[in-house]
Amino acid sequence: MTGATKLTRRGLLRGFGAAPVIASCAGPSSGEAAAEAVSPADPLIDAVAIGPGLAPLDLRLNGAARTVEAAPQATLLALLRDQLAITGTKEVCDRGACGACNVLIDGEVRSACMTLAHDVAGREVTTVEGLATSGAPSPLQRAFVELDALQCGYCTSGMLISCSALLSRARGPLSRAQIQGAIAGNLCRCGCYEQVIAATLSAAGERSAL
Amino acid sequence: MSQEEDSLTKNVRLRLGFADQLREVTVTTPKDEPRPWDADSALTVVGQPTPRVEGSLKASGAAVYTHDVRLPGMLYAAILRSPHACATLEHLDVAAALAQPGVVAAVPLAKVGDRLRFAGHDVAALAARSRDEARAALSAIAVRYRPEPFVVDTLEAMQPGAPQVHAAAVSERRTEGDEPGEASGGAARGNVRLGPSQSKGDHKKGLRQAKVTHSATYTTQVHTHSALETHSLVVRWEDPRRMTVWCSTQGIFSVRDEMAEIFGLKPADVRVITEHLGGGFGAKFGASAPGSRLGYAAGELARRAGAPVSLCLDRREEQLCTGNRPDSIQQVTLGAGADGALTAIHVVAHGSGGIATGAGVGRSAFGVYSRCPNIKVESHDVFTNAGPSTAFRAPGHPQGAFAIELAIDELAQKMGRDPLALRLAHVEHAVRRYQLELGRERFQWAARRAEAEARRARGARIRHGVGVACSIWGDYGRAKAAVVTVSVGRDGAIFVRNGAQDLGTGIRTVLGQVVAEVLGRPLAEVTVLIGDSELGPSVGSGGSQTTSSVAPAARNAAEMVRAQLAELAARLLDRPISELSWGTDGSARAGRRSLPFRELCQKIEGEAVVASATRPKTYGAHPMRYPGGDNYQIAGVQFAAVELDTWTGELRAAEILAIHECGRTHNPLTARSQVQGGVLLGVSYALMEARVIDRRFGQVLNPNLESYKIAGARDLPAIDVVFCEVHTGANSTGAVGIGEPATIPTAASIACAALHAIGRPVRSLPITPDRVLAALAGQDGA
Ligand code: FES
Ligand code: FES
């Protein structure tokens, strides 16, 4: 773990007096899929300057330890897609409005476009590529395919991340409303929400049947 | 459609129709055409709900979209766009940008003296080693604009003396996403240009005969496609005469042809690859976007840089310059006789596709209530200084359906008639009538109407409303446009090849199903290769024509392969070919002897049995033709139930019953998804979406996904999809389209349900709380 400052893009925006952007499209978000950036630490404490050039950081990415270099202003999304060519995570709005770039950071759903790469130093990042276990798709991934929870597939990785997090968090049987809450920040232009809900319910059912 | 047989044709008797209305019909097909699948064909793979074959690629993140293409040495492009609603370019110099960090090439996209007609117009492009460097360098381009008067409001643009958007006549830009036959070359006056028009009988006379009339103005908003993957392409020059293009496109061959034309290449020397694309909805034809010369920019930058260039628009650019559904202002006049029969329908429509044409209002008013003898629909394009429109899922139809269907309901209200009964009295298409009757029962129309009216009468806070609307679309399956190749190797491996792209509709899967069906093999043994121009000519995925153009070609090719295999089997079994039959497990049988598929394949001489085929022109249109065409008319209806909070004005779509048909449903699982998607798009259009332009500055205020609202999971109504299979005899598999019809009647049915809930019409989309509250407060039309 580097002792780098916990810079966040939202923190920067706030610093500039810009209004935060909102992810939900109907009613308040449950917060489960909201585009909250990570800011666990007070930036004034524990501050080490990085940049302006590339600076190294260590993270765990889909279960493997990685050391990468990133510019201080680079988002996690740019790091994944452009630098590491791990492209399952999609860029759609690049400002926290659509959920297509959702990843898990220490198990929490985050928008990779609203997270600075250096903010994941020392943390565990899981992308859609990391949802399978030794090459075998997760029950949720299988249910997505079986129940046709994808058409063009561009929202799919974000949906899977939101729903995986819900499945690992939720105790007891899932309700439709819980799933709708979990994906309230995930936009799908092809209109797959119903099938996403059905697939998540089915994966949850399979789990409880074990 | 039967005729005299000749040396090239034959007559075939088929069982055609739907539900319990099946009958023997003779159609004339080419001599070598297989017997078309009809109501008597018992199929085992086609028609089964089948998960899409590329599903696990998409669910694992491994599917490669254009945005995901990463090539060695690849550069990233960015485009400088005019910030002015209208301006003349006075000065442009890209040289300074070349000195910026990482920048490798820069090209102007406009010339000094050009009029840049909307905010977002191309000015110049550059390519750099990273996206950040490319974007940062744009500010180094030296540019000076002279702002000019502009107009962005449709009504204002229609006034005499409004700033003239185009100085010269405008030619229509049409794509495979547009409905065939709608072209117009109308004369222009000011910013107004006559668009497509349809007419029958004498509407003036019809209105004179009327005992009851209704006349009102209906308006709809500009609607953006908002596909999740933005317009994008990657260009790599292989040598000075050949290039490879990865493109997020609905029409691989439209990209090939455009790039070949721009760069003076032979089409065969342009290879286009679209393995997957993140939605299109009509906006992605050709290498360029409707409002941005992406093909030239990426190709020229790659040429100058001597390196591959990736050009992916950002969200703002996508919302500004890649197309939209035009707005509309529709004056609808209806007349009915004392018996309630419609005597006239007259629609005068104006709409703005920004700087482009394409503001027609579809065929709903002309084609659905065709028992009305006098109909005239006149449409006009109004030019404004806004991003160009382009085909958007059923171009013209949702806005046209909204106006005519709501007007019909208002007329019914005036006459004290049930709106569903009024529709049934005027609908000619037997399938549509059947669908309306089916929906009446399934949706419990009468009971729910009564319940909603009782709530309204007692002044309940939460009100309900129920409405219904129809769709009309044509079977636009194209003849000889798609060439599908099927091969069976000595190892038994089955390949299907065609250069179609999968928009998310599941065409890959359908092609596999059709070939598996013909060869009697499991789908898992069939590999479908699509998404590459080298795999053979194909159609663009627009106008609901892909399945009906490609699936019959696949069947025809598979039948040819099967015939060759049968011949081989006959020889091996030493029986005449006439005795040979094909088992459902793919084995060849003659008398008591049979030869399993794999064994037979091992005997193939050479490496494989291969055949390529296409499909002929539509040979059947049973039971109803499209107005003015020889092709089948696709019918659909949707019923909507809405819930209204009279305190807040919030209107929610609670339930939609969507009854549709796509001829023979090849894959009910993916077809159902497509219909649900069409419905949700319609809900979003009806209640939420609107592009907003500031009139004083000519700027789009919501070119993003947070203030341009599209429906999310919590806006989802309960959607009940019912397929009513129709055997039309149109082609060898019986496929007709579904993509467009599914979204046509949704907003209209919601608007009718809103009228029912409120008691007064909201004549403008989207139906937002302020408009609902105004209607509740007694303002007609809101
Ligand atoms: S929320 Fe990150 S790309 Fe949209
Ligand atoms: S499947 Fe296309 S955006 Fe969701």
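What follows covers the chain contact, the domains and the spaces.

This is a predicted model, in which local features need pLDDT of at least 70, side-chain atom pairs count only at pLDDT 80 or more, and totals for chains, interfaces and linings use all residues. Residues are numbered from 1 along each chain as its sequence is written, chains are lettered from A and ligands numbered from 1 in the order in which they are written, and side-chain values use heavy atoms, with hydrogens and water left out.

**Interfaces**

Chain B puts 54 residues into the contact with chain A, and chain A puts in 50 residues. Contact here means heavy atoms within 4.5 Å. One salt bridge between the chains joins B:Glu706 to A:Arg95, with the closest N and O atoms 2.8 Å apart. A salt bridge is a side-chain nitrogen of Lys or Arg within 4 Å of a carboxyl oxygen of Asp or Glu.

Chain B is assigned domain 1 (66–150 + 226–321), domain 2 (387–475 + 622–776) and domain 3 (477–613). These bounds come from an automatic or database domain assignment. The centres of domain 1 of chain B and domain 3 of chain B, taken over C-alpha atoms, are 40 Å apart. Their contact takes 17 residues from domain 1 and 16 residues from domain 3. On the domain 1 side, B:Gln250, B:Phe253 and B:Arg271 lose the most area to domain 3, together 43% of what that side buries. B:Arg271 also forms a salt bridge with B:Glu534, the closest N and O atoms being 3.9 Å apart.

The table sets out both interfaces.

| Interface | Buried area | Share on carbon and sulfur | Salt bridges |
|---|---|---|---|
| Chain B and chain A | about 4,200 Å² | 53% | eight salt bridges |
| Domain 1 and domain 3 of chain B | about 1,200 Å² | 53% | two salt bridges |

Buried area is the accessible area (1.4 Å probe) that two parts lose on being put together, summed over both.

**Spaces**

The second largest pocket holds about 910 Å³ of space. Its lining has 40 residues, and the closest to its centre are B:Ser171, B:Arg173, B:Pro290, B:Ala356 and B:Pro388. Why does the second largest pocket lie between domain 1 and domain 2 of chain B? Both domains give residues to its lining, so it lies between them.

The structure also holds 10 cavities of 30 Å³ or more. The largest cavity has about 520 Å³ of space. Of its 36 lining residues, B:Thr505, B:Ser544, B:Gln674, B:Ile738 and B:Gly739 lie nearest its centre.

On a 1 Å grid over the protein atoms alone, a cavity is a set of points where a 1.4 Å probe fits but cannot get out, and a pocket is an open set with protein on both sides within 12 Å along at least five of seven lines; lining residues have an atom within 4 Å of a point. Grid points are joined across faces, edges and corners, and a volume is the space filled by probe spheres set on the points.
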